[in-house]
Amino acid sequence: MDTSCFNQFSPLAAIATHSQAARVLRPLSQDTDIQLWLPVSVEKQGNSKYYDNSLKEHLASIWAEHRAFIFCLATGAVVRLIAPLMQNKAEDPAIVVIDAQGDYVISLCSGHQGKADLLAQLIASQIGATAIITGASHSLSLPAVDTLGFTYGWRKGGGDWTGVMATVARQENVQVIQEAGSSLWQEHLPEKHSFYFGFPESQVEITPQARIWISPTKRKFAPQSDFPKVQWHPKVLWVGIGCERGTSRKLMEKAIDETCKTYHLATEAIAGIASISIKANETGLLEVCRRRNLAFKTFSASQLSQVDVPTPSEVVQQEVGTPSVAEAAAILAGGTLLVPKQIFKSETQSGAVTVAIAQAKVEYIGRTGRLYLIGIGPGNLGQITPAAQTAIIEADVVIGYSLYTNLIQSLKRSGQIIESSPITQEQQRAQRAITLAQWGLTVAVVSSGDCGIYGMAGLVLEELQATGWNGKNPRVQIFPGISALQSAASRVGAPLMHDFCAISLSDLLTPWSVILKRLTAAASGDFITALYNPRSQKRTQQIVTAQEILSQHRQPDTPVAIVHGAYREDEQVILTTLEKMLDHPIDMLTTVIIGNTTTRNYANWMITPRGYFERVKDESTI
Ligand code: SAH
């Protein structure tokens, strides 16, 4: 079962106080992740629930357990209702307000950390409204400093977040010193921004007004600092742990915290704990991981014994069959050893722990990635489904051929990564999308038309299969789009009213002999035939042969539609005949629809009879 884009906000309550507001919220309340609340005076709909006391009291009773609220109510009323309940921006739920006509969706509170900005954009795309977002980073098309790293699983460290964000809003110089973690966000900043990267020595002419540190190192900021600073900690540290059976969780936590402190490392930068397989059920270790939300990896003694470590131990070798647990496990999980083995014993508690820390090149996100395979329709935003639009808005990264990513440019969210590539690089695009999704990102791969018709969906699934994919991780969701044959048909009438087929004339990936066989079968089977990829600069002969083959089975005056760039700015629609079709321009952005033996032209419309009129005639002769 697919989860909806609202799942990340669940539990999510939508509140209407009268029937017009309930009507506006109805399309949203069909989503199982949204609970609609109505007063008893309004007719119940779907899975809606009634609140029977005052809205103020009701809100207070459900406030704490909800991540987000959608109000279809006057903004002023919402402000008064929520004011007594708001705490601070790290804890408050996302608050979104929709006007009673459903024209505007306002991100009111917790725009960044509570993701109300994203929620407003998702709702707006689903109900065809305009999102109103008033945050500074949004208006500058910049990623928000206080949520920047959440995409990559980074944890926030200390600092003056409000101060740094105000500096960004004033468009003053913000120095970024990034020592770890993905630099994708840097590579996709808009042309105009006030971040600069690196140390002051190399950029003496620029005076920083604020600083962002992105590293596993914990820095102490003096309270009287001259400008605001913050730190993000990408989860790159892997703590290797060896311990005596039954060592307490407290001693383990003490060992981890003290080691980090001694080496100036942030505990927030810890991705997980690594140990030996026989510790897979060690209670203390499991508790540390659960309490601190850390990953847990184990390796067999034979895997560990192959790792070169600075502090091997003969005693450990004799006990568990490898000369190192902590160092070797840290290296296997992380890569480069930062902190060699430290030993901790407690005077008061039983057990002993050894700790070593390694740093990974790539941060651990710790989420199941998603791949959204999306058909965007022929090219005009009006022809894309709301579900596809919403998925594009939700994605961390959008990948596609540059022509298509340009077509959906207006959907781009600030801070979203758009990776465009030239037309021929389908396989690279598919592999890139899979790599990012395996890492933990939500990746949208866009195709024109339908993604499963000569689009990217099949290729991505094939590539996934080649990696030994288990069908679940990354999660795949496919969003259909209007294919070229449908959009081309809609421009000329109803040519596809009877059995039809699509044939691509591109012999790049399909042998020409196979295409010939299918053309012949389509012609003799009297299928209405839609030709994709009909002619390129190099491939000019195929369309000529296709016309010859179809002419063997159909009359010269069989209607033919030639549609170039359907629903795009350069759209061109020609209605002609099989005999004359080659007299008209046909290129790679064209779809050619050849009628069957009953297709006719009437008043410049192409009609293929479904058979109703013939049936009436037959019945009347009985
Ligand atoms: N997945 C796409 C097809 C991609 S193959 C779909 O379902 O529509 C590319 C071919 O699609 C082009 O060579 C052209 O034949 C056709 N095509 C794509 N967009 C089109 C448009 N807007 N108008 C006419 N033909 C189009």
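**Exercise 1. Strand β5**

Determine how many residues of strand β5 (residues 94-98) are buried in this predicted model, and which strand is joined to β5 by five bridges.

*Solution.* Step 1: a residue is buried if its relative accessible area is under 20%. Five of the five residues of β5 are buried, so the strand is largely enclosed by the rest of the structure.
Step 1: in a regular strand, side chains alternate between the two faces of the sheet. In β5, Ala94, Val96 and Ile98 point one way, while Ile95 and Val97 point the other way.
Step 2: the partner is strand β4 (residues 68-72), which runs parallel to β5 and is joined to it by five bridges. Within this pairing, Phe69 stands opposite Ile95.

**Exercise 2. Helices α18 and α19**

Step 1: the crossing of α18 past α19 is right-handed.
Step 2: Trp512, Leu516, Leu519, Thr520 and Ala523 of α18 meet Gln542, Thr545, Ala546, Ile549 and Leu550 of α19.

**Exercise 3. Thr147**

Locate Thr147 and decide whether Thr147 is buried or exposed.

*Solution.* Step 1: Thr147 is found in the loop between α5 (136-139) and β8 (155-159).
Step 1: its relative accessibility is 17%, so Thr147 counts as buried.
Step 2: leaving aside residues up to four places away in sequence, Thr147 touches His112, Gln113 and Trp232.

Note on methods. Residues are numbered from 1 along each chain as its sequence is written. This is a predicted model: local features need pLDDT of at least 70, side-chain atom pairs count only at pLDDT 80 or more; totals for chains, interfaces and linings use all residues. Side-chain values use heavy atoms; hydrogens and water are left out. Helices (H or I, at least four residues) and strands (E, at least two) are DSSP runs, numbered from the N terminus. Buried means under 20% relative accessible area, exposed over 50%, partly exposed in between (1.4 Å probe, protein chains only). Contact means heavy atoms within 4.5 Å. A crossing is left-handed if the near helix is turned anticlockwise from the far one by less than a right angle, and right-handed if clockwise. Two strands pair if DSSP finds at least two bridges between them.
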